[in-house]
Amino acid sequence: MTDLTLHPIRTEDDYRAALAEAERLFDLPQEPAPDSAEGAYFDALVTLIEAYERKHFAVDAPTPIDAIKFRMDQQGLTVADLEPYIGARNRVYEVLAGKRPLTLAMIRRLSAGLDIPAGVLVAA
């Protein structure tokens, strides 16, 4: 490694250059040792990239219904599979259609049973 100078990522060109440098470091036969100058550079570079991405490519948190549907898709669940968490089939359909809000009991069961963070299920 020759140049261990970091630069702020302010533009799309800066971002692309930082990604290219990070990719080069990822592709090394061995990642730089964390306690070395190269390791510190690599860590700081990744931190800069993450900060730029958080600012410019922010992803909104999913709605509670989107989170449930995503988990259903991930695990191949059907409406019938949600009955233990939400209630009768017609209630599951109402919740998924946004016609019925999640109750605290539903949120607790969904969070525990499907490993969906309660904070996501509580969001409005």
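Trainee: How many aromatic pairs does the count come to?

Mentor: A pair of aromatic rings is described by the distance of the centres and the angle of the planes. In this predicted model, the count comes to four aromatic pairs. One of them joins tyrosine 15 and tyrosine 52, with 4.8 Å centre to centre and 25° between the planes, and is classed as stacked.

Trainee: In which helices do tyrosine 15 and tyrosine 52 lie?

Mentor: Tyrosine 15 belongs to helix H1 (residues 12–26) and tyrosine 52 to helix H2 (residues 37–56), so their pairing ties together parts that are 37 residues apart in sequence.

Trainee: Which aromatic pair do tyrosine 52 and phenylalanine 57 form, stacked or edge-to-face?

Mentor: Their pair is edge-to-face, at 6.2 Å centre to centre and with 70° between the planes.

Trainee: Is tyrosine 52 buried or exposed, and what is the relative accessibility of phenylalanine 57?

Mentor: Buried means under 20% relative accessible area. Tyrosine 52 has a relative accessible area of 7%, and is therefore buried. Tyrosine 15 is buried as well. Phenylalanine 57, at 41% relative accessibility, counts as partly exposed.

Trainee: Let us turn to charged side chains. How many salt bridges does the structure hold?

Mentor: Side chains of opposite charge can pair when their charged atoms come close. The structure holds five salt bridges. Among them is the bridge of arginine 16 with glutamate 12, whose closest N and O atoms are 4.0 Å apart. Both residues lie in helix H1, four residues apart, which is about one turn of the helix. Arginine 16 is partly exposed, with a relative accessible area of 47%, and glutamate 12 is also partly exposed, at 33% relative accessibility.

Trainee: Which residues are linked with Arg16 in a network of salt bridges?

Mentor: Glu12 and Asp13 are linked with Arg16 in that network.

Trainee: How far apart are the closest N and O atoms of glutamate 21 and arginine 24?

Mentor: In this salt bridge the closest N and O atoms are 2.9 Å apart. Glutamate 21 and arginine 24 are three residues apart in helix H1, so about one helical turn separates them. Glutamate 21 is buried, with a relative accessible area of 17%, whereas arginine 24 is partly exposed, with a relative accessible area of 37%.

Trainee: With which residue do the side chains of glutamate 83 meet in a salt bridge?

Mentor: The partner is arginine 89, at 2.9 Å from N to O. Glutamate 83 is partly exposed, with a relative accessible area of 27%, and arginine 89 is partly exposed, with a relative accessible area of 42%.

Trainee: Finally, the nonpolar cores. Which residues of the largest nonpolar core touch the most other members?

Mentor: A nonpolar core is a set of buried residues joined through side-chain atoms within 4.5 Å. The largest has 18 residues, of which Ile68, Leu82, Ile86, Leu96, Leu102, Leu110 and Leu121 touch the most other members. At least two residues of this core come from each of helix H3 (64–75), helix H4 (79–86), helix H5 (89–96) and helix H6 (104–114).

Trainee: With which residues is leucine 96 in contact, leaving aside neighbours within four places in sequence?

Mentor: Leucine 96 is then in contact with Ile65, Ile68, Lys69, Met72, Val79 and Leu82. A second, separate core has 10 residues, including Ile9, Tyr15, Leu25 and Ile49.

Key: Residues numbered from 1 in each chain as written. Predicted model: local features only at pLDDT ≥ 70, side-chain atom pairs only at ≥ 80, totals over all residues. Heavy atoms only, no water. Buried < 20%, exposed > 50% of the residue type's maximum accessible area, 1.4 Å probe, protein only. Contact = heavy atoms within 4.5 Å. Phe/Tyr/Trp six-rings, centres within 6.5 Å; stacked < 30°, edge-to-face > 60°.
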